[in-house]
Amino acid sequence: MLSLIIFFLLAVMVVVAAILVVTSKNPVASALFLILVMCCLAGLFVLLGAIFLAALQVIVYAGAIMVLFLFVIMLLNLRRDEFGQDSLAIQKYLGFILVAAFLVQGIVIVSWAMKDYSVSIKAETQPGVSIPLDTLAATDYNSAQSVAGTLFTRYAYPFEVTSVLLLAAIVGAVVIARRRPFAEPESREK
Amino acid sequence: MVPLGYFIVLSAILFCIGVWGVLRSRNAIVIFMAIELMLNAVNLSLIAFSSNMKHILVRFVQSMAPQDAANAIGTATSSGQVFVFLVMTVAAAEAAVGLAIIIYVYRMKDSVNVDDVNIMKW
């Protein structure tokens with residue numbers, strides 16, 4: 001019961017903050033609301049038992065990625081008129097209608113699939129099921145130890161590939177954002 | 001225990017808000033933030049499924065010895081979390097390169113409005 005209350009509290013905060021991310025005029029406000037979304041999602045991860053990923057969510061997303069976003073927003077130093085140019089009405093309303101239709105469709109499909117799922121939950125109490133859930137839940141598979149064990153044995157190769165990806169991203173970001181001393185930007189020539 | 005369906009519906013709502021943000025805004029930075037929102041929605045659903053692995057797999061492990069069944073469920077649970085870990089890494093790399101591109105476009109065009117960036121349009 002308590003976990004349901006916490007879930008709905010966090011869910012409402014996540015949805016409201018996400019809508020504010022999309023609709024607020026000022027990108028700095030958007031970024032701050034996005035940090036709120038990340039922190040609430042970390043709370044939901046804790047509710048699901050994924051403590052290690054909740055910590056990562058706060059450290060990597062709210063800590064590193066969002067600081068990068070805020071840094072770029074401050075660096076660009078946009079003027080007021082560049083902050084929130086209004087979208088076309090068709091973009092706003094047609095987009096909303098299409099997305100709402102997509103959401104309804106998704107929820108219908110999920111609830112249809114969940115019917116099978118709830119049947120399989122009831123199967124736990126059926127006579128054919130011999131292993132009780134309690135013995136399966138003896139160890140904590142959500143712990144950092146368990147996740148790290150899987151990450152460094154079964155998924156060691158993807159983990160190493162990730163380091164190459166990050167190196168490529170670092171080099172790419174430095175090369176793209178570097179000031180070019182010889183090539184003048186197009187707009188300056190006019 | 002919160003039912004799995006609640007998390008999946010919340011994840012769908014978050015994803016749709018992200019899609020809506022990409023469709024409606026013209027500021028490239030806000031579009032990037034909406035993409036991060038979608039990545040987070042997917043992470044939420046992955047974690048929700050991974051921590052419900054016990055209930056999802058209970059039928060399929062009945063023929064195994066209890067220890068093997070526990071190992072299978074444990075591997076499936078932590079696999080989902082490793083997946084989320086990799087998604088976070090990709091999101092970090094994507095944000096770094098994407099923001100570098102935005103800075104470069106701003107230097108070229110003096111704007112972060114995506115309507116001004118039409119150099120690939122013929």
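User: How are α2(A) and α2(B) oriented to each other, roughly parallel or roughly antiparallel?

Analyst: This is a predicted model, in which local features need pLDDT of at least 70 and side-chain atom pairs count only at pLDDT 80 or more, whereas totals for chains, interfaces and linings use all residues. Residues are numbered from 1 along each chain as its sequence is written, chains are lettered from A and ligands numbered from 1 in the order in which they are written, and side-chain values use heavy atoms, with hydrogens and water left out. α2(A) and helix α2 (residues 28-51) of chain B pack at an angle of about 5°, with their axes 11 Å apart, where axes are lines fitted to C-alpha atoms, for helices over the stretch in contact, and angles run from 0 to 180 degrees between N-to-C directions. Because angles under 35 degrees count as roughly parallel, over 145 as roughly antiparallel, 65 to 115 as roughly perpendicular and the rest as oblique, the two helices are roughly parallel.

User: How many nonpolar, polar and charged residues does the contact of α2(A) with α2(B) have?

Analyst: The contact (heavy atoms within 4.5 Å) involves residues of α2(A) including A:Leu34, A:Met38 and A:Phe45, and residues of α2(B) including B:Leu37, B:Asn40 and B:Ile47. For the classes, Ala, Val, Leu, Ile, Met, Phe, Trp, Tyr, Cys and Pro count as nonpolar, Asp, Glu, Lys and Arg as charged, and the others, Gly among them, as polar. Sorted in this way, the contact comes to 15 nonpolar, 4 polar and 1 charged residues.

User: How far apart are the end C-alpha atoms of helix α2 (residues 27-48) of chain A?

Analyst: Helices (H or I, at least four residues) and strands (E, at least two) are DSSP runs, numbered from the N terminus, and the expected span of a helix is 1.5 Å times one less than its number of residues. The 22 residues of this helix should therefore span 32 Å, and this agrees with the distance between its end C-alpha atoms, which is 31 Å.

User: Which residue has a side-chain oxygen that reaches the backbone nitrogen of A:Val28 at the start of α2(A)?

Analyst: A:Ser24 is found in the loop between α1 (2-23) and α2 of chain A, and a polar contact of 3.0 Å joins its side chain to that of A:Ser30. Such a contact is a pair of N or O atoms within 3.5 Å; within protein, one must be able to donate a hydrogen and the other to accept it, and residues adjacent in sequence count only if both atoms are side-chain atoms. At the start of the helix, the oxygen within 3.1 Å of the backbone nitrogen of A:Val28 belongs to A:Asn26.

User: How far apart are the axes of α1(A) and helix α1 (residues 4-24) of chain B?

Analyst: These helices are roughly parallel to each other. Their contact includes A:Phe7, A:Phe8 and A:Val15 on one side and B:Leu10, B:Ile17 and B:Trp20 on the other, and its residues divide into 16 nonpolar, 2 polar and 1 charged. The packing angle is about 5°, and the axes are apart by 9 Å.

User: Is B:Gln81 buried or exposed?

Analyst: B:Gln81 has its place in helix α4 of chain B, and the residues it touches, not counting those up to four places away in sequence, include A:Leu53, A:Asn142 and B:Ser50. Buried means under 20% relative accessible area, exposed over 50% and partly exposed in between (1.4 Å probe, protein chains only). At 0% relative accessibility, B:Gln81 therefore counts as buried.

User: Which residue with a positive phi follows α4(B)?

Analyst: The 44 residues of α4(B) should span 64 Å, in agreement with the 63 Å between its end C-alpha atoms. Most residues other than glycine have a negative phi. The residue that follows this helix is not a glycine, yet its phi is positive at about 60°, and at a relative accessible area of 36% it is partly exposed; it is B:Asp110.

User: What share of the 190 residues in chain A is buried?

Analyst: The secondary structure of chain A comes to 9 helices and 0 strands. Over chain A, the buried share is 32%.
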